[in-house]
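Please examine the sequence and the three-dimensional structure shown below. The explanation that follows is intended to be read alongside them.

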Amino acid sequence: MKFFIDTANLNDIKEAQDLGVLDGVTTNPSLMAKEGITGQENILQHYRDICEIVDGDVSAEVIATDFEGMIKEGEELAKLNDQIVVKIPMTKDGIKACKYFTEKGIKTNVTLVFSVGQALLAAKAGATYVSPFLGRLDDISTDGMNLIEEIRIVYDNYLFDTQILAASVRHTMHIVNCAKIGADVMTGPLSSIMGLLKHPLTDIGLAQFLADHAKGNQ
């Protein structure tokens, strides 16, 4: 499973990259705003900066909601770097834009997916990634992990190349469960990735090793 980090914070991206397990980055207008990145030129430069840090795909989201606007923005984003994946919403015009970009050889990430039917349309349109938001489904007492599992079954049935990118990951167990189900990618905050390092027995064992070493080398 690929590990993406969902942020616009360059320090978090660098830390994840330095860990040696980072495969890519996803971000969106809300995350950009959280980091104080405003203005078109500043946003485009920020995407360039992210691409300088990581080796893998970087999802950059369009703001337009109409087909023509998505095409204009998406083509501008794609020109920034070969790593850029154009992130488009799961709407009628979004699916049309996905098909357009697919035919142009531009990678896409169809976002805000909440049903198997939506994921099926995205795959039919040739999406590189489809992003079901499991955390937001959990927030409304719906089983987000079940959606990932159902999309996996459908994609395997028809050998779709579209990768399932589990989005809105909130914590470490989301990552573990996505790995069990067979999500191709997960994207979440740095804290969820770093949480995989933690186990109390590891801490206790290391402390004991160091204490024994210290006793024998006084």
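The following paragraphs consider two helix pairs and two individual residues. The structure is a predicted model, and the values given here are computed from it.

Two packed helices are described by the angle between their axes and the distance between the axes. How far apart are the axes of helix α1 and helix α3, and at what angle do they pack? Helix α1 comprises residues 10–19 and helix α3 comprises residues 40–53; their axes lie 10 Å apart and form an angle of about 15°. Because an angle under 35 degrees counts as roughly parallel, α1 and α3 are described as roughly parallel to each other. The crossing in which α1 passes α3 is right-handed. On the side of α1, the contact is formed by L10, I13, K14 and Q17, and on the side of α3 by H46, D49, I50 and I53. Sorted by class, the residues of this contact of α1 with α3 are four nonpolar, two polar and two charged.

Helix α8 spans residues 144–158 and helix α9 spans residues 172–181; their axes come within 10 Å and cross at roughly 20°. The helices α8 and α9 are therefore roughly parallel to each other. Here, α8 passes α9 in a crossing that is right-handed. From α8, the residues M145, I148, E149 and R152 meet H174, N177, C178 and I181 of α9. The contact of α8 with α9 consists of four nonpolar, two polar and two charged residues.

Is A119 buried or exposed? Its relative accessibility is 0%, so A119 counts as buried. Leaving aside residues up to four places away in sequence, A119 touches V113, V130, I151 and Y155. Positions separated along the chain can also be compared in space: A119 and T162 are 43 residues apart in sequence, and their C-alpha atoms are 9.2 Å apart.

An unreviewed UniProt entry lists K87 under "active site". In the model, K87 is placed in strand β4, residues 84–89. With a relative accessibility of 4%, K87 counts as buried, because the cut-off for that class is under 20%. Which residues does K87 touch, not counting those up to four places away in sequence? They are T26, T27, N28, S59, A60, E61, V62, N109 and T111.

Conventions
Residues are numbered from 1 along each chain as its sequence is written. This is a predicted model: local features need pLDDT of at least 70, side-chain atom pairs count only at pLDDT 80 or more; totals for chains, interfaces and linings use all residues. Side-chain values use heavy atoms; hydrogens and water are left out. Axes are lines fitted to C-alpha atoms, for helices over the stretch in contact, and angles run from 0 to 180 degrees between N-to-C directions. Helices (H or I, at least four residues) and strands (E, at least two) are DSSP runs, numbered from the N terminus. Angles under 35 degrees count as roughly parallel, over 145 as roughly antiparallel, 65 to 115 as roughly perpendicular and the rest as oblique. A crossing is left-handed if the near helix is turned anticlockwise from the far one by less than a right angle, and right-handed if clockwise. Contact means heavy atoms within 4.5 Å. Ala, Val, Leu, Ile, Met, Phe, Trp, Tyr, Cys and Pro count as nonpolar, Asp, Glu, Lys and Arg as charged, and the others, Gly among them, as polar. Buried means under 20% relative accessible area, exposed over 50%, partly exposed in between (1.4 Å probe, protein chains only). UniProt positions are given in the numbering used here, feature names are shortened, and annotations may be inferred rather than shown by experiment.
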